[in-house]
Number of protein chains: 2
Amino acid sequence: MKQAVTTAPETNTTRAAKIIARCRELARITDTPGKTQRLFLSPATRDAHTLLTWWIRQAGLEARTDDAGNLRAVRRSAKDDAPMLVLFSHIDTVPNAGAFDGPLGVLLALAAIEQLHSTPIPFHIELIAFAEEEGARFSFPFLSSMAVTGQLTDELLAKTDADGISVADAIRSFGLDPTRIPESCPLAKNTFAALEVHIEQGPVLEADNASLAVVEAIVGQSRLKLTFEGHANHAGTTPMPLRHDALAAAAQWIVEIERYAANYTQLVATVGRIEALPGAMNVVPGTALVTLDVRHPKDESRHAAVAHLLTKAEAAGAVRGVKVQATLLSEQKAVPMNHDLTVKLHQAAERTGHDAKSMFSGAGHDSMILAPVVPTTMLFVRSPGGLSHHPDEAVREEDVEAALATVLNLLLHLHPHK
Amino acid sequence: MKQAVTTAPETNTTRAAKIIARCRELARITDTPGKTQRLFLSPATRDAHTLLTWWIRQAGLEARTDDAGNLRAVRRSAKDDAPMLVLFSHIDTVPNAGAFDGPLGVLLALAAIEQLHSTPIPFHIELIAFAEEEGARFSFPFLSSMAVTGQLTDELLAKTDADGISVADAIRSFGLDPTRIPESCPLAKNTFAALEVHIEQGPVLEADNASLAVVEAIVGQSRLKLTFEGHANHAGTTPMPLRHDALAAAAQWIVEIERYAANYTQLVATVGRIEALPGAMNVVPGTALVTLDVRHPKDESRHAAVAHLLTKAEAAGAVRGVKVQATLLSEQKAVPMNHDLTVKLHQAAERTGHDAKSMFSGAGHDSMILAPVVPTTMLFVRSPGGLSHHPDEAVREEDVEAALATVLNLLLHLHPHK
């Protein structure tokens, strides 16, 4: 086993505990005292960079900040022209965040580099701590991964935050130069693989009593808005058979959505918002406004689900004399992870004694942006309670150890040209 | 036929057309230019009183305003100690009202008195134009009918409007004296009957192709607020079987309410308000807030319906791990109309060639306040399109004529001591 060459002095328990401790230490660096919040290019981002740079130096590497604000460090292979593997995740957070969504992937990657120590491997490893993934500051996510894949357009650089500051101005205020993004940001040309470790942010691994999952694909998503239009009538004077109750039609539809999606293991469909108008206790609702969010790892299945559910909405309206109008708000295609890397990640987990599940990611991640450009795979770590975007967000030490062992094993078995 | 003694010069068509024309003229007297709105004791109320007083004088009567702001006029019988019959409805309106909800009853009563002309009948007739029924100014309805039945308490007189003005102060500003209410307001001691003509405000008569209905009872009402409490989860990462979707539970319940109420002809049940929290498109709702309005002419049936629907709510929650909490906001008992008067009103309609339906009123009316104190009955006139509380509120001339003929016939056949 090549793992035997690992020379780090720590036990398996303490190396996972150290990753968790570092995540919690990073969580204390915040824009909002008492809570964890690190917006893109905020003062807390600078402090986080200072701490990360210190840890990276302790691992024997030098850190640099690219002109999109990403902190990067390369562990060089003996051969200068060796290809590049990228380990990445993000360090920005939502408001009132937990400690692990993003930072776990960054600090586990750094731990893996520490654990490799001087073990020779036939490729360079770049660690990238993305500065923007959540979309919390500019109401637009994935700006960092778009910067390293050449997609950070002038239009995106002109987007403004709540204070009217543009992305480009925020970059300049951070002491960087947005015009240099095309030079300082792109991934190395000979990058042959990219790997993100991330908490699951859902309840599946916990329900399955499993530590890890390899992500097969990031699901596609359709978002719709529906208007059910009946007639508002007096709740006392209008007998049931003479009503055109828009809310009753919408309610029947919501039940049918739930029933339909439950029949397909990979489909999720959610009504997150509803409004009944005029919205008085004693008036039969004349209008109901409803949103629908549909996700599936196969685009054709998602399209079929949306089409089926729209016919169900019309049927629920028709029996009540209620008209239905649907508007597609947004659509995102499913993004498959690299098959070869996914298989290798599974094998690495197996070799370290872990049975990683196969999963689809129902949430978006930077891996979604990188995958079309470079072979990318993703490893999920169990989220206790399925909790995320919440101060109580957690990870188990045994799961972090499993993830670290799996990543290390992959690094030790990966051959760029096989 | 005693109707032959009627000496009014108008044809049957024009006397109904005149009532309608007067309602529309009154509708032009408003607190809000361009719309019809007459709040209790507003400047428009004073102008309405001036016009009504003029019309009452034309009918040969004198009008007075009691100290709760009600305009009243008595047509005296030959015998001074004759008993009293009251014809009443209201002249206040909701904001942006139609012309007939209230005024039709007042102006049809005045027309009936005009049509009687000098025909001797064995009782006095008091016309009362109530100044407050809708509850629009003080968020509390029926203040006028409570004043004439001795229920306008100091607590109610202290209620304030949006500008902080109390009922008592509003009465004083109108030039009246709230301390004199106990003397100037009560119904005459020997009142033996009270009759209100009102538009149906619903679609039942139109659906049945009928002009009139005699109201058997005003329904009882229960209002509840329910909280469905599940768990908010990520719409992408939470598979359907692991959800505790509060909105899905509420939706199932709304469909069951509709299905259950449709099985009982006299039951109406309405969910008029709904809110899903946190209310984001991509979050499974953790909480759903829903209102329920249940009405039935029999109190025990209403109680049974509420109890049944609450078990259905709990069941809809239980299958999803969603807890349900219900709060009773208000409850109103059903109020039967006087049986003897109701029969006589049916007979009067029949004698004039009209087949009045029997109906329950699903909305509250002043008759509800008078009925426990004095024998009361109510006549509904068809509402085209079931429309009310809307500028397009209307009546048909043929229906108004049917109502007037029925009321006149009742007055000519009624014997106080039979």
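Between which strands of chain B is the loop in which B:Pro278 is found? The legend to Figure 1 gives the answer. The model is predicted: local features need pLDDT of at least 70 and side-chain atom pairs count only at pLDDT 80 or more, whereas totals for chains, interfaces and linings use all residues. Residues are numbered from 1 along each chain as its sequence is written, and chains are lettered from A and ligands numbered from 1 in the order in which they are written.

Figure 1. B:Pro278 is found in the loop between β10 and β11 of chain B; strands are DSSP runs of E with at least two residues, helices are runs of H or I with at least four, and both are numbered from the N terminus. Most peptide bonds are trans.

**Figure 2. The backbone at A:Asn96.** This residue, which is not glycine, has a positive phi, near 55°. A:Asn96 is placed in the loop between β3 (84–90) and α3 of chain A.

**Figure 3. Helices α3 and α13 of chain A.** The axes of α3 (residues 103–116) and α13 (residues 397–413) come within 10 Å and cross at roughly 55°. Axes are lines fitted to C-alpha atoms, for helices over the stretch in contact, and angles between N-to-C directions run from 0 to 180 degrees. α3(A) and α13(A) are therefore oblique to each other (under 35 degrees counts as roughly parallel, over 145 as roughly antiparallel, 65 to 115 as roughly perpendicular and the rest as oblique). Residues that meet here include A:Leu108 and A:Ala112 in α3(A), and A:Leu404 and A:Val407 in α13(A); contact requires C-beta atoms, placed from the backbone, to lie within 7 Å. By class, this contact has 10 nonpolar, one polar and no charged residues (Ala, Val, Leu, Ile, Met, Phe, Trp, Tyr, Cys and Pro count as nonpolar, Asp, Glu, Lys and Arg as charged, and the others, Gly among them, as polar).

**Figure 4. Helices α9 and α10 of chain A.** The axes of α9 (residues 246–262) and α10 (residues 299–318) come within 8 Å and cross at roughly 150°. That angle makes α9(A) roughly antiparallel to α10(A). Among the residues in this contact are A:Trp253 and A:Tyr260 of α9(A), with A:His308 and A:Lys312 of α10(A). The contact divides by class into seven nonpolar, three polar and two charged residues.

**Figure 5. The side of chain B that touches chain A.** Here 49 residues of chain B are in contact with 49 residues of chain A. α9(B) gives the most to this side of chain B, with nine residues. The residues of this side comprise 26 nonpolar, 16 polar and seven charged.

**Figure 6. The axis that relates chain B to chain A.** In chain B, the C-alpha nearest the axis belongs to B:Ala251, 2.1 Å from it. The same surface serves both copies, since 100% of the contact residues of chain B recur in chain A.

Technical notes:
Contact = placed C-beta atoms within 7 Å. Least-squares fit on C-alpha atoms with pLDDT ≥ 70 in both.
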